[in-house]
Amino acid sequence: MAFPSISQSPTSYHPGDTKRWWQSLTRGTRLRAIITTAILLPIGFGWIYPFLWMVSAGFKSTDEIFRGLSLIPADPQPQNFSRAWTDARIGEYFLNTVIVTLGSILIVLVTVSMMGYVLGRYQFPGKKLIIVLFAVTVFLPEGYTIIPVFELVNRLGLANSLAGVTLAQAGGAHVVMVLLFAGYFAQLPKELEEAAVVDGAGFLRVFWEIMLPLAKPIVATTIILQFMHSWNAFLQPLVLTLSRPDLRTLAVGIYAFQGEFFTDWSGMAAAATISLAPIVIVFLFLQRYFVEGIAGAVKS
Amino acid sequence: MSIGTIQPTTVLAGKGQPERGRTLRQRLWAARWCYLFMLPNLVLAAMFTFYPTVMSWYFAFLDWSGFTSDREWVGLENFRELLSDRFFWDAYQRSFMFMLIAVPIQVVLALVVALILNDSSYKLGPFFRTIFFLPVVTSAAIIGIVMTFVFSPFNGPVNKMLLNTDMVDRPVDFLGDPDTALWTVAGVWIWKWFGISMIYWLAALQVVPQDLYEAARLDGANRWSLHKDITLPMVYPFAAVIVLITIVGSLNVFGLVQTMTGGGPFFASEVMEVYIYRNAFGDSGIPRLGYASAAALFFGITVLGISLLQGWGLKKANDARTQMKQT
């Protein structure tokens, strides 16, 4: 504390008082912040340029896309979006994707939270075996199991149905999410359920009415991770809807139309914008959960 | 900190009877709710993780076009054919090249950015973190399609910029030239997944206590030596995990490659996953699920071998370090 100017800690910064905070920094820190920003700003702009280009192209005429590089459309063409929505059947694919995503989120949330609850709070014979089994599955890339998954869904009679795609999207061990729930439930005080058991609550009720509502942050993380997984899935829905074009999800549908509409840049850009918008908007508002969910993987 | 470790709890299902003196049957019965609660997740894991893993071994020994009736056991025939399949070895090699180039670039660049953004006195850190992370949340397949426009030789924005600044005198066909196609995809892959490595590094950097920096700074250490002497040794154990996760990710490139090049031109960017897809589901000829499974299995085993080798090497390195410290 002898050199307060060096050991400037972020806690002494009052939100809203930017000017005072700025003046409280040493000249070196200030200079570094300016240089860092000067370097990162153009890189950051280049980083999101593909998205900016895509949105801007979605509002331009194909002619204008070819002509210039300006990101601001001279003559906005919102009809690109309606054309993509109906002619390129993006509306249909959007609905399919929503159904698959919501369905798989629901399935995953229920199964994973129950599993995590038991692993986090109880001792029982066979627990070690299950943990080892789960640890092994972490390093299985999706591509190598696509053929058996395809065959399994076929055999279940769910081939070429949204139910099949939903189930395949929800399937798997979900190790990271289970561990997140287990870790969270493990650190809750045990008096919680002891009191409830005294009141006569059963196993199911303790979980459903006391434990699960306490785990809201992990519930949110799980929803976000599964949302990201299902909304962006490509290989599984592609393989599972090969003979049913009307069941395609957004990623598959836009891929399929890439060949057909390749000259219609503005329509394709509008379609891509529609597909990416939901996940990007959710990310911008709830990024804490994205980051926590993904960082959870490396911590565990 | 360690979210993943499962704490043993004293709470038993049902009554708090002591473990000792109860038969296995009693203990199983006491934990019946536990098994019931695990059932749904275990069923999903069995169906979509364990079963496919086991079956991918079985399928590799079949001649099978996808219709359940015409499965034929052919023993090692698929593997024999693979060994002499030029396309298989090319794809195999390409996947490893992709990994060897893309993984180090991504991991190192992400560390550099994470070190810059980890500085809590830099108030714009979270803003840039959001920007660098954004591509991660988006769909690889749709990004791939958008990128075919962005890198298009016909009026694509990248080529326009290069032409406008006179860096090239005619458009570069990034995705249509066999020499550049795979590396353009690799560049997009690094961009797309960079944010994940960055977040991993930022999480790892949380373990470095801030007062260590303060103390070293008072001793007059500059920023570079701060990171070299304090940060890097402390985050070193995380590096192995981050590299491993990134390696696994670098083998998961189907969405980008299939939409950006489809493995072309002339198979120049056909990585393993695309090769497997083409043989199993591609529209050229009869699907060969058995043959594709054999390729997937062969490749999967190699990858597992690399992971194990890496784990072993790291353990060796760690042992050597602790020994050096002791002497």
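A nonpolar core is a set of buried Ala, Val, Leu, Ile, Met, Phe, Trp, Tyr and Cys residues joined through C-beta atoms within 7 Å. Keep that in mind for the exercises, and remember that this is a predicted model.

**Exercise 1.** Find out how many residues the largest nonpolar core has and which of them have the most contacts inside it.

*Solution.* Start with the count: the core has 161 residues. Next, pick out the residues with the most contacts inside this core: Val178(A), Phe181(A) and Ala272(A) from chain A, plus Met198(B) and Ala295(B) from chain B. Then look for the top contributor, which is helix H8 of chain B (residues 181-205), giving 17 residues. Finally, check chain A by domain: domain 1 (24-77) and domain 2 (90-299) each supply at least three residues to this core.

**Exercise 2.** Take Ala272(A) and list what it touches, skipping neighbours within four places in sequence.

*Solution.* Two residues count as in contact if their C-beta atoms, placed from the backbone, lie within 7 Å. Begin inside chain A, where Ala272(A) meets Met54(A) and Ile254(A). Now cross to chain B, and you'll find Ile142(B), Ile145(B) and Val146(B) in contact with Ala272(A) too.

**Exercise 3.** Work out how domain 1 of chain A meets domain 2 of chain A.

*Solution.* First, the spacing: the C-alpha centres of the two domains lie 33 Å apart. Second, the contacts: 9 residues of domain 1 of chain A touch 7 residues of domain 2 of chain A. Third, the elements: on the domain 1 side, helix H2 (27-59) and helix H3 (62-67) of chain A each give two or more residues, and H2(A) has the largest share, with 4. Last, sort that side by class, and you get 4 nonpolar, 4 polar and 1 charged residues.

Key. Residues are numbered from 1 along each chain as its sequence is written. Chains are lettered from A and ligands numbered from 1 in the order in which they are written. This is a predicted model: local features need pLDDT of at least 70, side-chain atom pairs count only at pLDDT 80 or more; totals for chains, interfaces and linings use all residues. Domain bounds come from an automatic or database domain assignment. Ala, Val, Leu, Ile, Met, Phe, Trp, Tyr, Cys and Pro count as nonpolar, Asp, Glu, Lys and Arg as charged, and the others, Gly among them, as polar. A residue is buried if 20 or more other C-beta atoms lie within 10 Å of its own, exposed if 12 or fewer, and partly exposed in between; C-beta atoms are placed from the backbone.
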